[in-house]
Amino acid sequence: MTLNIPLGPVMADVAGLELATDDVQRLQHPLMGGVILFARNFASPAQLQKLTAEIHALRAPKLLIAVDHEGGRVQRFREGFTIIPPMRALGLRWDASPQQSLELAESVGYVMATELVAHGVDFSFAPVLDVDWGESGVIGDRAFHRDPLVISALARALIAGMASGGMGAVGKHFPGHGFVRADSHHEIPTDDRSFEDIDKADLMPFRAVAKHGMSAVMPAHVIYSQVDSKPAGFSTKWLKDILREQLGFDGVIFSDDLSMEGASTAGNVTQRAHAALNAGCDMVLLCNDPVRTDELLRGLSADGVTPGADLTRRLQRMHGLPGSGTEARYHLARAAVQALGGSIAN
């Protein structure tokens, strides 16, 4: 039975290839708003379509379905999907031919969005807007380039391609994860640069797309010590003062995964969620921990958290829609993406 419930501020995962009873009960909780899928949730394109249809049938408005499908080593669905090269491939092509690189970036975004939306996935957490400083192993070739101007140009092209494929873009990891070596999945990274240094480099790509096509942002679990003692995802200064006010961004702010070590500074899982929501996040992610997800839902419910009007308005923009392109365009774009991947492999 489809339940009429506003979308809530929590996104979590499901266990396997189809919905279990526990998954259904969890996803029907009033504070749930979305589902993030992983490789364990994928066996084939047909199975994926069935799973996403099951999830979307649970509620109205439909729960959002997301995935990390940015390309390279971060692409959850492979069999039956175009293999997307890492974004560094586009940066390398830029160094040889900027115009060709921009055309390829748009093709990458279009193919990514077209394929995911056709299989019931609303959006991918992409693109990575981090500057490739050569320091971060967790970012590395996920970044477009070392030059923020190049990142800005390629991101705008890729986001335009995603939009024509029916999908909103999620820029990450605000205000930039590329300068620190520590991996926020396992450590609490600290970036000691001044705001001025961050502003003239790492913030540039986010500024370039904040009012020009970017539907959502994911902040980093990184402490920028000269700006705030809290990680960016828990910082009012970063999310409200800088992202909302200075950059004029009015899309969705998703927290990064609250189970990551970089989020541990905020306390237990419910305290982490409150810290993120109070700082300005619209939706919090908690992945790979159903026990703590249930704890989080109980804790937020007990504290009286309810979906607000701004959340409903912003989340409506994240539902995938049929793209505006043709079948011929898709096949041309797919061939270009495959050729780009082949050039990197060779």
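The following legends describe close-up views of a predicted model.

In this model, local features need pLDDT of at least 70 and side-chain atom pairs count only at pLDDT 80 or more, whereas totals for chains, interfaces and linings use all residues. Residues are numbered from 1 along each chain as its sequence is written, and side-chain values use heavy atoms, with hydrogens and water left out.

View 1. Strands (E, at least two residues) and helices (H or I, at least four residues) are DSSP runs numbered from the N terminus, and two strands pair if DSSP finds at least two bridges between them. Strand β9 runs parallel to β11 (residues 214-219), to which five bridges join it. Phe174 stands opposite Pro219 in β11.

**View 2. Strand β14 (residues 283-286), covered on both faces.** In a regular strand the side chains alternate between the two faces of the sheet. Met283 and Leu285 on one side of β14, and Val284 and Leu286 on the other, are all buried; buried means under 20% relative accessible area, exposed over 50% and partly exposed in between (1.4 Å probe, protein chains only). Strand β2 (residues 10-12) pairs with β14 in the parallel sense over three bridges, and Val10 stands opposite Val284. Strand β13 (residues 252-257) is joined to β14 by two bridges, and these strands run parallel. Here Phe254 stands opposite Met283.

View 3. A nonpolar core is a set of buried Ala, Val, Leu, Ile, Met, Phe, Trp, Tyr and Cys residues joined through side-chain atoms within 4.5 Å. Of the 106 residues in this core, Leu90, Phe123, Phe125, Phe174 and Phe254 touch the most other members. Helix α4 (residues 98-118) supplies the largest share, nine residues. Neighbours within four places in sequence aside, Phe123 has contacts (heavy atoms within 4.5 Å) that include Met11, Leu64, Val67, Met167, Phe254 and Met318.

**View 4. The crossing of helices α3 (residues 88-96) and α5 (residues 148-164).** The two axes come within 11 Å and cross at roughly 115°. Leu90, Gly91 and Trp94 of α3 make the contact with Val150, Ala153, Leu154 and Leu158 of α5. By class, this contact has six nonpolar, one polar and no charged residues. Ala153 counts as partly exposed because its relative accessibility is 27%. Not counting residues up to four places away in sequence, Ala153 touches Trp94 and Leu102. The C-alpha atoms of Ala153 and Leu102 are separated by 7.4 Å, although these residues are 51 apart along the chain.

View 5. His69 is buried, with a relative accessible area of 1%. Neighbours within four places in sequence aside, the residues in contact with His69 include Gln75, Arg76, Phe77, Met112 and Ser124.

Conventions:
Axes are lines fitted to C-alpha atoms, for helices over the stretch in contact, and angles run from 0 to 180 degrees between N-to-C directions. Ala, Val, Leu, Ile, Met, Phe, Trp, Tyr, Cys and Pro count as nonpolar, Asp, Glu, Lys and Arg as charged, and the others, Gly among them, as polar.
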